[in-house]
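Morning, everyone. I have one model to walk through today, so let me put it on the screen.

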Amino acid sequence: MADNNRGGSTTNEITYYLNVENAKILAFCLVCGFVMYHGVLHLKYGNDSCKWLLSDGRFPGYNTWQPYGCMMHKYTKVHARRCMHYIYYWGEQNHITFLGDSRIRQLYFEFVNLLSLQRVEEHKAHHDLHFEDKKIRVTADFLWHPMVNSSMYDVYKNWLMAEKSSMPNLLITGSGTWSIKQFNASDEAVKNFEYNLTMILPYIVKLRDSTQIIWMLQDPVDEFKLYPNRSMITNQQVDAYNKVAIDILGGSDAKLWSSSRLVAQGIHDNSVLDGLHISKSALELDLQMLLNMYCNDHMNHNDGTCCRVPDSITSIQITTAAFFLVCLLSAIAMFLYRRKLRRNGSKARADSGIRNGRSHVTPTEKTWTDTVYEIMVCLAKLGLIMAYTFLCDRTNFFMKENKSYTHVNFLLPFAYLMILGFFFTENTDQTTVLHRDQTDEWKGWMQLVIMIYHLTGASKVLPIYMHIRVLVSAYLFLTGYGHFSYFWNKTDYSLQRYCQVMFRLNFLVVVLCFVMDRPYQFYYFVPLVSFWFTVVYLTLAIWPRISAVSSDVSNLHYLYMIIKFIILTTVITLFFMSEVLFEKVFLMKPIKALFVRSDDSLHEWRFRWTLDRYSVVYGMVFAFGYHLLLKKGVISDNHNNSLFSTGVSLSLTGLGFLGIGSYAIFSFLCKNKSECNDTHSYLVALPLISYVIVRNVLGWMRTRYSSFFAWFGKISLELFIAQYHIWLAADTYGVLVLMPTYPVLNVIVTSFIFICASHEISKITGILTNYLVPKDGKSLLRNAIIFFMIMLPISVSKGVLSF
């Protein structure tokens with residue numbers, strides 16, 4: 001028995017320490033550890049992502065290259081030409097020179113054909129080549145100098161003597177295999193190569209102010225495919241020449257391009273039969289690396305962080321950082337002061353207790369200083385989370401990688417999560433249709449699936465894209481259902497209730513707008529939910545106010561509610577059909593700032609609004625029908641049994657599965673996103689209501705839920721928003737990397753930190769809501785005035801308001 005007690009006590013102790021608060025402490029320690037780790041990396045290797053791009057990387061998928069620590073944009077002909085035009089427009093020249101042997105010539109032809117509107121046939125040319133496109137003001141030259149010798153030396157010397165305008169601003173060069181062949185892989189040739197490259201080095205140093213020089217290390221050869229007259233070109237010889245180049249140029253201003261060699265080693269392409277030249281697939285990846293190095297800092301690609309300087313910090317960001325710093329210092333000072341008072345108070349109470357013969361004194365009630373302290377602690381914690389957020393997504397301190405979609409990458413974590421969710425299934429005491437545990441579960445598994453969708457970049461797969469559209473619509477459906485049910489039952493149309501909901505929805509987003517310097521519409525989901533909550537509120541608050549109580553008094557109120565639904569649907573349809581009306585309303589100042597992106601465009605808001613324009617109405621109508629059926633006694637859900645007889649319940653459940661399956665078939669049959677999106681707003685009611693039927697008609701389905709999914713559902717809003725910057729990267733276009741070269745472990749660690757941060761933000765928001773949106777009308781008005789006074793100068797500085 002004693003052993004059993006000890007075992008039980010050990011289990012209880014382990015359970016005591018395994019909780020979310022201790023998890024947050026561990027997450028904080030991990031963040032501090034990664035800050036130190038990446039700080040050491042930057043001190044040791046520098047923070048130039050161009051070096052990362054040109055030095056290392058891996059293949060996350062078939063013929064897909066991921067540079068080390070940064071994101072690589074895929075340049076099409078349009079983007080490449082636009083890049084050259086932009087560079088010239090900003091006063092720089094586009095004079096790119098390729099200097100070297102036949103491998104460098106291959107890269108030259110690949111570069112020219114990406115820029116040229118007409119195909120330039122690649123041919124064997126042991127002479128110089130020239131390309132010029134006056135429309136985009138670009139000049140590309142190939143200089144045939146296959147060996148590092150006096151002729152190459154003269155090229156550098158002549159550039160130094162020429163005018164700056166005639167010198168290239170980018171030089172891609174490399175050599176080795178020709179020398180191996182000409183001198184039959186002799187050791188003397190390697191020494192000669194070393195000597196000549198050493199002679200050229202001073203000219204490379206002198207050219208650094210006008211020309212960016214990239215030395216392309218020699219790719220490995222396929223010794224089994226080499227022609228007999230090239231059999232002396234072995235990988236051992238290639239490595240020897242590369243070692244010389246690294247030793248001589250490693251400390252110079254020339255950039256060593258070694259990642260191209262890794263690409264050639266890892267690519268699987270049999271398009272080259274001679275074993276020497278670069279394959280087509282490798283050439284395409286090499287060119288993409290080259291263009292990312294040359295263009296990214298001049299372009300505004302969200303998915304290209306390699307060689308790109310982070311955005312400059314704005315005055316609003318500095319002011320926000322100063323505010324959080326003051327809160328942090330104030331919280332620390334108040335904590336130390338309160339600790340000192342407690343020590344002194346404990347000592348005084350102990351002395352008093354000894355004198356008076358008692359040892360316990362009732363603690364005092366919460367004072368205004370406790371309130372200020374709690375607010376400061378919340379803001380200090382939020383400030384630390386925002387500092388981490390800024391570090392992740394507005395600097396190059398932490399690394400970023402491109403998303404990489406494969407069916408396995410998407411389906412495997414999806415299967416893991418579903419298994420975990422079913423494993424933690426348990427009974428609930430709630431029996432009503434769409435009760436709180438069930439809606440939390442619904443929000444939870446939807447949010448986790450959406451996160452997998454964003455992490456893997458699955459939007460390119462149309463059926464997955466359409467199912468995710470259903471999940472987003474489901475959030476709005478639940479918005480309509482939940483808020484309609486609340487107002488129908490509670491009849492609480494107070495301003496305090498409206499402000500409380502709006503605060504909880506928008507608090508994190510408003511803070512992120514200040515910290516991350518992004519427009520409100522960037523976080524599209526919160527503006528969408530806030531808008532539709534306002535629509536629900538106004539629809540029900542405008543006279544005649546209809547509720548369960550008023551409907552009991554007069555059945556006409558059911559008719560009034562139906563009329564309201566008809567009017568609301570009509571207004572929504574008018575806004576959808578008339579783009580002019582839509583723009584006139586949503587482009588009015590000052591509300592315009594809430595609906596446009598950084599480019600002052602309303603397109604994104606109209607797209608999102610149109611896509612789910614009826615989803616909230618579906619939720620409201622369903623809630624109205626549900627409460628009407630309850631009132632008329634058609635259904636009763638205050639028990640654990642099915643809502644109808646066994647036969648009817650099974651038939652309805654079968655129809656529910658049929659409805660879900662029908663939408664799935666539609667998502668596979670529709671041809672493109674535009675066609676699917678056009679019909680989505682009409683068809684989405686089918687899978688949503690079908691899911692509700694499947695989940696609620698049968699009693700055993702309605703009274704069981706997954707506590708695992710429900711836990712995530714309680715923080716689904718914070719998860720949806722926080723993932724933008726502290727789980728994903730580059731404004732959701734990439735993936736945050738804390739542990740480079742370990743992709744699976746990196747996802748686990750970043751997910752753990754991200755979930756802990758989201759939970760803490762949810763907790764902070766709940767505490768601050770009680771203080772900043774008080775029940776007292778005067779206090780609420782005071783806080784509203786303070787908020788608008790803060791926003792006024794910001795709005796004026798951003799051009800939202802003008803006087």
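One term before we start: two strands count as paired if DSSP finds at least two bridges between them. Keep that in mind for the sheets. And a caution: this is a predicted model.

Now an example of that rule. Strand β12 and strand β13, residues 734-737, pair over two bridges, in the antiparallel sense.

Let me step back to the whole chain. The protein has 803 residues, and 51% of them count as buried. There are 31 helices and 13 strands. The C-alpha trace spans about 100 × 80 × 75 Å along its principal axes. Now the contacts. Take those with a separation of 6 or more: 78% come from residues 24 or more positions apart.

Look at β7, residues 212-216. On one pairing, β6, residues 170-174, runs parallel to β7, and four bridges join them. Leu-170 has Gln-212 in β7 as its bridge partner. β7 also pairs with β8, residues 255-257, again in the parallel sense, over three bridges. There, Met-216 stands opposite Trp-257 of β8. Is β7 enclosed or open to the outside? Four of its five residues are buried, so the strand is largely enclosed by the rest of the structure.

Next, the disulfides. How many are there? The count comes to four. Number the bonded cysteines in sequence order, and the pairing reads 1-6, 2-5, 3-4, 7-8.

Start with Cys-50 and Cys-307. Their sulfur atoms are 2.1 Å apart, and they form a disulfide. Cys-50 lies in helix α3, residues 49-55, while Cys-307 lies in the loop between α11 (280-295) and α12 (315-356), so the bond ties together parts 257 residues apart in sequence. Both ends are inside. Cys-50 is buried at 7% relative accessible area. Cys-307 is buried too, at 9%.

Next, Cys-70 and Cys-306. This disulfide has an S to S distance of 1.9 Å. The link is right-handed, with 90° about the S-S bond. Cys-70 sits in the loop between β2 (64-67) and α4 (77-89), and Cys-306 in the loop between α11 and α12, 236 residues apart. Cys-70 and Cys-306 are both buried.

Then Cys-83 and Cys-295. Here the sulfurs are 2.0 Å apart. The torsion about the S-S bond is about -90°, so this disulfide is left-handed. It connects helix α4, which holds Cys-83, with helix α11, which holds Cys-295, across 212 residues. Again, both cysteines are buried.

The cut-off for a disulfide here is 2.5 Å between sulfurs. Cys-378 is buried, at 5% relative accessibility. Cys-499 is the other example. Its closest cysteine sulfur is in Cys-513, 19 Å away, again too far for a bond. Is Cys-499 buried or partly exposed? At 24% relative accessibility, Cys-499 counts as partly exposed.

Last item: a helix pair. Two packed helices are described by the angle between their axes and the distance between the axes. Take α16, residues 462-490, and α24, residues 646-669. Their angle is about 135°, and their axes are 8 Å apart. Which residues of α16 and α24 make the contact? From α16, we have Leu-462, Pro-463, Met-466, His-467 and Val-470. From α24, we have Tyr-663, Ala-664, Phe-666, Ser-667 and Phe-668.

That's my tour. Thanks, and over to you for discussion.

Conventions:
Residues numbered from 1 in each chain as written. Predicted model: local features only at pLDDT ≥ 70, side-chain atom pairs only at ≥ 80, totals over all residues. Heavy atoms only, no water. Buried < 20%, exposed > 50% of the residue type's maximum accessible area, 1.4 Å probe, protein only. Axes fitted to C-alpha atoms, helices over the stretch in contact; angles between N-to-C directions. Contact = heavy atoms within 4.5 Å.
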